[in-house]
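Student: Please show me how to read the features of this chain.
Tutor: Let us start from the sequence and the structure.

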Amino acid sequence: MTAVVEQRDRSLLTRVQHVLHAQATIGPAVVLLTSVIVFALLSERFLTPGNISLILQQVAVVGTLAVGQTIVILTAGIDLSCGAIMVLTSIVMAKVASETGLPGLPALLLGFLVGTVCGLLNGMLVTRLKLPPFIVTLGTLNVFFALNLWYSGSATIRGSDMPSLLLWTGQTFTVGGTRITYGSILLVVLVAAMAFVLKNTAWGRHVYSTGDDLEASRLSGIRTARVLLSVYATAGLIYAVAAWTLIGRIASASPQAGQTDNLDSITAVVIGGTSLFGGRGAVVGSLIGALIVGVFRNGLALAGVDVLWQTMAVGVLIIVAVSLDQWIRKVKA
Amino acid sequence: MTTPILQATGLVKRYGKVTALAGSDLELLPGEILAVIGDNGAGKSSLIKALSGAVVPDEGEVLLDGSPVSFSTPLDARNAGIETVHQSLAVSPSLDIAANLFLGRELRRKGVLGSVFRMLDRAGMREEARRQLDALGIMTIQNPGQAVETLSGGQRQAVAVARAAAFGSRVVIMDEPTAALGVRESRAVLDLILQVRDRGLPVILISHNMPHVFEVADRIHIQRLGRRKAVVDPKSVSMSDAVAIMTGAMEPPS
């Protein structure tokens with residue numbers, strides 16, 4: 001071990017690979033910046049305050065879901081039930097408040113509790129029955145969605161029947177002509193808090209190492225089952241926050257809302273540079289990923305491109321992002 | 001005779017109808033390298049797992065410094081000062097070297113930042129990692145902030161050994177530490193093992209590689225059919241005799 005490491009000449013490509021390996025968020029950040037510039041050149045309406053406000057509103061719900069989805073994917077899991085948990089939770093908050101006259105705060109907290117319990121159920125099935133997260137959450141996706149239809153009676157609850165606190169996330173304040181919803185602010189705060197926890201606490205490190213190598217983590221003395229359980233429960237709580245943002249966004253609680261939001265959140269996480277194989281990525285990347293999807297859809301729409309081509313562009317982005325991740329993983333010393 | 005630092009008596013472990021350990025003994029003396037050799041299925045792994053808390057023996061006793069201990073998880077053994085370098089290394093590739101050294105026992109910042117915000121003491125851990133790697137003379141690892149997956153097999157092994165040496169206060173167990181390594185890297189790991197011993201930590205070394213065993217071991221424990229067949233001195237027994245005892249072709253010298 002006393003030999004000196006030789007300084008090999010590295011090609012530009014290898015250097016790029018190393019930089020991306022050390023900082024997975026750089027790639028998505030560059031893509032976001034480039035797409036903003038390109039769309040701003042294509043359409044003068046793109047960078048107007050009204051349009052920016054619209055993009056932020058469109059991104060808030062999926063972005064919030066993506067925060068929870070990120071920590072699940074970091075453990076090499078996947079959560080297909082996130083959208084269903086969100087919708088079920090939004091219905092519980094809204095219906096309990098509108099029917100029993102429960103004030104806003106307890107209704108909100110009840111929703112948070114329901115979301116956490118749903119997440120905990122996912123975590124129990126993953127850790128106790130040792131089923132693959134894909135199968136567990138595919139099952140609970142249907143269970144939670146059915147519960148949602150049953151409890152709501154397939155009926156939408158109008159915003160005017162709810163306490164104002166539940167609609168607070170849809171309210172706006174104006175900065176430099178741009179109207180920003182409190183839901184978007186909530187998302188930014190959530191991302192910052194989660195980024196801090198993942199980077200600076202032992203729990204955060206254990207989330208990464210559990211996803212990286214479960215057996216190695218166990219042998220290192222990490223209680224991996226407890227880590228997984230806490231991750232799914234925390235994700236459930238975050239989906240309940242997304243439910244709050246959803247109510248504000250559509251000014252109602254609909255049992256049919258957010259049908260594809262589970263896949264959209266996975267899209268945001270993957271485009272944001274987090275590896276589906278676990279142990280690698282960052283929650284800031286997921287926010288950027290959600291923004292990339294929002295900017296692409298909005299920018300292409302403004303440029304007069306048909307919806308089907310917008311969808312195709314997102315599809316291509318996903319494949320490019322995952323290929324990039326595979327390539328980065330092959331990094332050598 | 002000195003008291004063994006780690007001792008096992010009459011360990012039995014059955015998996016269904018298979019008896020992996022049939023009343024096995026083991027003694028590790030202070031400051032020695034005890035090699036454990038044996039054919040496949042002789043019960044080496046089960047013996048080591050019982051000592052490191054990875055499996056719980058059905059019968060028998062483990063004594064640490066003469067007093068009985070019972071480990072139900074790897075964490076128990078670790079808390080008692082027994083560190084194991086597993087064959088799979090048990091490192092997390094995407095985390096950096098310092099993070100791996102402290103995996104599962106991270107240090108927190110002092111004051112409110114640590115107690116309320118649970119913040120990790122990154123600088124402190126890096127510094128300590130640097131110190132441990134230096135102490136073992138691992139010069140090729142330049143930066144404790146480097147991700148483990150960018151290291152070579154030998155360097156990863158060095159990280160795992162450094163972790164064991166840093167936290168093991170009583171015993172270090174190494175399971176096939178040179179199995180996946182090239183000649184030069186094996187050499188470096190053997191030097192590391194000798195260094196760990198010279199720092200006063202006794203080592204149990206499990207290996208299939210006879211030249212390696214004969215080079216570093218102070219005593220050789222030969223495991224056969226779930227029992228300890230013999231303990232030999234590498235200076236007085238030849239390599240071929242040790243293999244003959246291990247395979248049952250020869251009875252151990254009495």
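**Transmembrane annotation and helix crossing**

Tutor: UniProt, in an unreviewed entry, lists as "transmembrane region" residues 20–42, 54–87, 107–127, 134–153, 173–198, 227–247, 267–295 and 307–328 of chain A. Such annotations may be inferred rather than shown by experiment. This is a predicted model, where local features need pLDDT of at least 70, side-chain atom pairs count only at pLDDT 80 or more, and totals for chains, interfaces and linings use all residues. Residues are numbered from 1 along each chain as its sequence is written, and chains are lettered from A and ligands numbered from 1 in the order in which they are written.

Student: What is the mean pLDDT of chain A?
Tutor: pLDDT is the predictor's confidence in each residue, from 0 to 100. Chain A averages 90, and 96% of its residues score at least 70. Over residues 1–7 of chain A the pLDDT is below 50.

Student: How much helix is there over residues 267–295 of chain A?
Tutor: Helices are DSSP runs (H or I, at least four residues). Residues 267–295 of chain A are 62% helix and 0% strand, with end C-alpha atoms 14 Å apart. For residues 134–153 of chain A the values are 95% helix, 0% strand and 28 Å.

Student: At what angle do α12(A) and α13(A) cross?
Tutor: Axes are lines fitted to C-alpha atoms over the stretch in contact, with angles from 0 to 180 degrees between N-to-C directions. The axes of helix α12 (residues 261–271) and helix α13 (residues 283–302) of chain A come within 7 Å and cross at roughly 115°. α12(A) and α13(A) are therefore roughly perpendicular (65 to 115 degrees).

Key: Helix = DSSP H or I, 4+ residues; strand = E, 2+ residues; numbered from the N terminus. Contact = placed C-beta atoms within 7 Å. Parallel < 35°, antiparallel > 145°, perpendicular 65-115°, else oblique.
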